[in-house]
Amino acid sequence: MSDILEPKSIVNKANENIELVEFDEFINNINKYETLGVGVIIKPSDDIMLLKDSLYFIELVVLDFNDFDDGRGYSQAYFLSKRWGFKGEIIGINAHLDQLQFMLRSGVTSYELLEDYKGFNEEDYSNGFSICYQAAANNSGLKQEY
Amino acid sequence: MYQYSPEDSKFLVERVDQFEKQLNRHLAGDLDEAKFRSLRLRNGLYMELHAHMLRVAIPYGTLNSSQLRALADVADKYDRGFGHFTTRQNIQFNWIELPEIANLLRELSDVGLHAIQTSGKATRNITADPLSGLTEGEIEDARPYCELIRRWFNLHPEFSWLPGKFKIAINGAKLDETALRIHDLGLRLVRNSKGELGFSVFVGGGLGAAAMVGPETASFVALDDILSYLESAMRIYNLKGRRDHQKRLRIKFLVRELGADEYSRLVDEDWQQTKDDPELKLNLAELEDLKKDFALPIKPINLNGFEEKVDFNYSIWKKNNVRSHKVSGYSIVNISLTKLGAAPGDATSEQMRILADLADEYSASELRTTKRQTIVFPYVRKDQVFDLWQSLEKYGLASPHQGTLAQIVACPGGDYCDLAKAVSIPIATRVQQRFDDMDKLLDIGDLNINISGCENSCAHHHVADIGLLGMQKNGEEYYQITLAGETLHETNIGKKLGPSVSGDVVVDAVEEIVNVYLDNREEEERFTDVFKRIGIKPFKEKVYE
């Protein structure tokens with residue numbers, strides 16, 4: 001497993017001094033946060049396109065995967081990671097064990113599982129296939145292990 | 001015939017292993033029903049009225065005889081000796097015990113079959129013309145493209161949790177046997193003015209309560225750009241598709257609400273950002289390799305001097321069930337599974353094994369499945385068609401109904417499906433009984449009836465000459481009638497005839513409609529052409545008078 005897939009926590013030491021703000025608060029007060037170095041919490045319904053021009057001063061982005069059937073977070077992660085080359089951390093919160101493979105391949109760099117999944121082997125679900133069939137944020141595609 | 005590589009086969013096994021872990025967690029109470037439902041559907045597993053139903057993919061509708069025998073074994077071992085061929089090139093088993101599912105899927109993976117993404121809100125099995133590679137005038141065999149696109153969207157990280165299911169069809173032939181414009185996304189192989197190969201793209205077609213013919217969103221996408229275009233089409237849907245209303249999840253609602261022009265503009269805007277990304281280019285070298293795997297296993301043969309046998313029953317069967325082949329000396333044979341009282345598309349394990357043996361003997365071990373729930377033998381020598389017919393006769397598989405009114409397409413309906421509002425199969429049986437005279441059927445000619453038991457429209461009733469949709473009124477079963485739907489030459493949604501009619505009289509209504517057609521038909525005129533010429537009024541008058 002590459003370093004990028006190593007699970008970290010949103011409350012790890014590197015992040016503990018970063019102020020986290022909700023998307024609406026950030027968008028309505030962008031100028032206020034430009035010099036502060038913030039993290040932005042994104043809901044699936046938030047328009048990720050509005051973040052594009054502010055990424056240079058955002059330290060980290062938090063994506064919420066709580067709704068098991070709502071797949072918008074995967075496209076949000078794709079835009080941040082692959083399309084815009086965001087270098088900060090992309091953290092998936094309220095993550096589900098069975099969706100780790102999709103989150104990590106879409107560009108999420110670390111995650112925090114929901115409490116329900118304590119005690120299960122995360123690697124079974126984050127690294128379960130010997131090949132993949134498409135390019136994604138974490139590799140260039142066909143026949144590469146993931 | 002194309003076979004999975006060892007790497008592909010390993011992937012299938014790994015997917016089964018993963019699903020087995022999820023199943024075990026569910027059975028142990030560690031994975032709740034809602035999440036398990038979402039996961040099991042992505043592995044083709046439904047909870048039906050009486051038991052679990054498994055939908056197995058038949059990619060691009062092509063099977064070899066070994067695969068069909070494996071499906072027969074599954075029918076015997078895990079079902080009650082039956083399989084049900086669907087309208088979208090899948091086969092379903094209706095009596096599956098949950099704890100046995102992993103073993104079943106492992107047995108299928110041994111022959112390169114799987115149930116991955118045959119359901120759920122992801123890209124479904126990609127369908128192709130069942131006659132791909134066989135007919136004159138075809139631009140190209142669509143199956144290699146189906147395979148490459150199937151792979152690309154297999155467990156795709158970004159598009160595996162879409163707002164709704166996503167069905168793709170690809171056609172390379174003159175006639176549209178795939179009904180691509182009633183799919184969420186349809187691809188038509190075309191050549192541009194420079195003679196280059198590419199695709200016309202149609203997005204937002206669908207049946208159900210808001211039936212819609214998919215508008216064209218791009219008139220020409222070059223071959224190597226198709227993956228990036230498809231990603232953009234799905235990305236706009238994933239981000240903007242309705243998730244707030246259970247009945248508006250499909251992409252057709254997004255296309256309708258935005259307008260086709262605006263949806264196309266958004267897709268194009270996104271696509272311009274990715275189309276030059278080398279990682280998203282279709283691998284043309286791999287495509288050429290795949291084309292070799294899909295090459296026809298026959299060469300032209302000279303049958304000068306061959307004389308066709310003279311037999312009345314054989315000639316009727318041949319007229320309806322045999323088509324000309326682009327390779328000289330060969331025919332395409334269509335085999336109807338229709339049996340009075342049985343669900344259309346149902347096959348017993350014994351029938352599957354017989355068909356597998358006959359395919360070995362007469363059709364280079366290959367079979368195809370169609371949206372009319374029939375089986376095609378794609379490579380039958382002309383001088384062996386009679387022998388094949390005799391064998392089919394012996395096993396009760398020589399129904400001469402292909403293309404006639406008696407070859408009804410029906411969903412399982414209220415007898416099996418917990419979504420159904422009315423029965424389908426008993427209505428199909430009653431129609432078949434009403435039109436059981438072969439002379440009459442031959443006189444009527446090519447006319448199709450499709451019966452769906454609910455608005456989910458699994459039997460595609462909107463695009464049949466005569467479509468019946470089951471519904472409930474005051475606790476009784478009624479049927480909405482639609483007329484003159486079609487997809488083969490052009491795509492049209494059937495027009496509603498009027499108020500729904502009771503199940504007691506629906507077969508009388510069908511007979512009246514057929515009589516109006518016969519009374520007004522000029523020479524070989526098709527049902528849809530008569531309807532366009534005389535309008536709905538004469539049909540309405542007869543049914544509701």
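Helices (H or I, at least four residues) and strands (E, at least two) are DSSP runs, numbered from the N terminus. This is a predicted model, in which local features need pLDDT of at least 70 and side-chain atom pairs count only at pLDDT 80 or more, while totals for chains, interfaces and linings use all residues. Residues are numbered from 1 along each chain as its sequence is written, and chains are lettered from A and ligands numbered from 1 in the order in which they are written.

**Domains of chain B**

- Chain B has domain 1 (6-109), domain 2 (135-290), domain 3 (312-394) and domain 4 (409-544); such bounds come from an automatic or database domain assignment.
- The centres of domain 2 and domain 4 of chain B, taken over C-alpha atoms, are 31 Å apart.
- In chain B, 11 residues of domain 2 are in contact with 11 residues of domain 4 (contact means C-beta atoms, placed from the backbone, within 7 Å).

**Two residues with positive phi**

- Most residues other than glycine have a negative phi.
- Tyr60(B) is not a glycine, yet its phi is positive, about 45°. Look for Tyr60(B) in the loop between strand E2 (52-57) and strand E3 (62-64) of chain B.
- Ala364(B), also not a glycine, has a positive phi of about 50°. Ala364(B) sits in the loop between helix H11 (349-362) and strand E14 (366-369) of chain B.

**Buried or exposed?**

- A residue is buried if 20 or more other C-beta atoms, placed from the backbone, lie within 10 Å of its own, exposed if 12 or fewer, and partly exposed in between.
- Tyr60(B) is buried because 28 other C-beta atoms lie within 10 Å.
- Ala364(B) has 19 within 10 Å, so Ala364(B) is partly exposed.

How values were computed
Two residues are in contact if their C-beta atoms, placed from the backbone, lie within 7 Å.
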